[in-house]
Amino acid sequence: MSLLNDLINLNLSEVTNKVIAEYIWIGGSGMDLRSKARTLTGTESDPSKLPKWNYDGSSTGQAPGEDSEVILYPQAIFPDPFRRGKNILVMCDAYTPAGEPIPTNKRYNAAKVFSKPEVVAEEPWYGIEQEYTLLQKDVKWPYGWPVGGFPGPQGPYYCGIGADKAFGREIVDAHYKACLYAGINISGINGEVMPGQWEYQVGPALGISSGDQLWVSRYILERITEIAGVVVSFDPKPIPGDWNGAGAHTNYSTKSMREDGGYEVIKKAIDKLGLRHKEHIAAYGEGNERRLTGKHETADINTFLWGVANRGASIRVGRDTEKAGKGYFEDRRPASNMDPYVVTSMIADTTILWKA
């Protein structure tokens, strides 16, 4: 095994100018990440200069067998924390050979929203709180829980320490450092209310880069849990009953909100979000109705409610924002399995472009 590790950790830059590029894309379910690697000559920081590639879309549920070729367009480049050196991760989106975005390519429409002059001028910032649950591989039961049984009730686990409260910290810390290595603006981690559940935050990130960074952070997490022999779940309510679900709270601000008088802009934006509540809920993740029950720090899925420092609201405004008269707000509705391209662009569309 030591020889195998030595080979895995070979420093290619000592002997060649070739690098390995891991192309990443989103599969047919909208949540399954796929990737494959290719060799490139020399380094490149501009994704538009990387070669396009193709894959068999019939094997990912994205194309019929008789016309299965799907084309990958490189969109964002990140240093590879697994191969290290000059090797890279490449976030891609997917197109037909004719250049049309395939139906599961949600980045394409998001990029159009973020390229609108009105949106560009507002410089939308996002900070996404990604919650997830670690599961035991063979039984699909939360990591650290007795098989077929339950730990003690919720209370001591949120930000808890100790072998009887924090399950999987080595995975969480490995992911934290790997994201920093990759240039992802991961801003923190914490243990969550349900044991075996954790959260990390990505942001602030500007516009489309928020979605790119969150998807690559998920990819890195999946790879690390693969190595650890643990399964990561983004299900919004992995365990029924009196256990917290998993969300992807999305913090948001525009330039106007961050400037003096921004609190009035925030309130107008929240009013617009309330008018399109049903449309947002429909786009905020599968199975969210199991999570948004009005319990466990959520608002009921059919109710739109906002408040200052209210974690049972659809939209929460922080005390600091209220006091300063400017800042940001938190949309607490998105589920942990939401598509960040969809959620971030929809928030921008509703609050900046949509005329109520």
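Me: What covers the buried residues of α2?

Reply: This is a predicted model, where local features need pLDDT of at least 70, side-chain atom pairs count only at pLDDT 80 or more, and totals for chains, interfaces and linings use all residues. Numbering starts from 1 along each chain as its sequence is written, and side-chain values use heavy atoms, leaving out hydrogens and water. Contact means heavy atoms within 4.5 Å; helices (H or I, at least four residues) and strands (E, at least two) are DSSP runs numbered from the N terminus. The cover includes β4 (69-79), β5 (88-95), α3 (117-122), β6 (125-136), α5 (208-228) and α10 (340-353).

Me: Which residues of helix α2 are buried?

Reply: Buried means under 20% relative accessible area, with a 1.4 Å probe and protein chains only. In α2, residues 107-114, that picks out Arg107, Ala110, Val113 and Phe114.

Me: Why are they on the same side of α2?

Reply: The arc is taken from the directions from the helix axis to the C-beta atoms. They lie on the same side because they cover an arc of only 120° around the axis.

Me: Which residues lie nearest the centre of the largest pocket?

Reply: A pocket is an open set of points on a 1 Å grid over the protein atoms alone, where a 1.4 Å probe fits, with protein on both sides within 12 Å along at least five of seven lines. Lining residues have an atom within 4 Å of a point. The largest pocket has 37 of them. Nearest its centre are Glu129, Glu199, His249, Asn251 and Glu330.

Definitions and conventions: Buried < 20%, exposed > 50% of the residue type's maximum accessible area, 1.4 Å probe, protein only.
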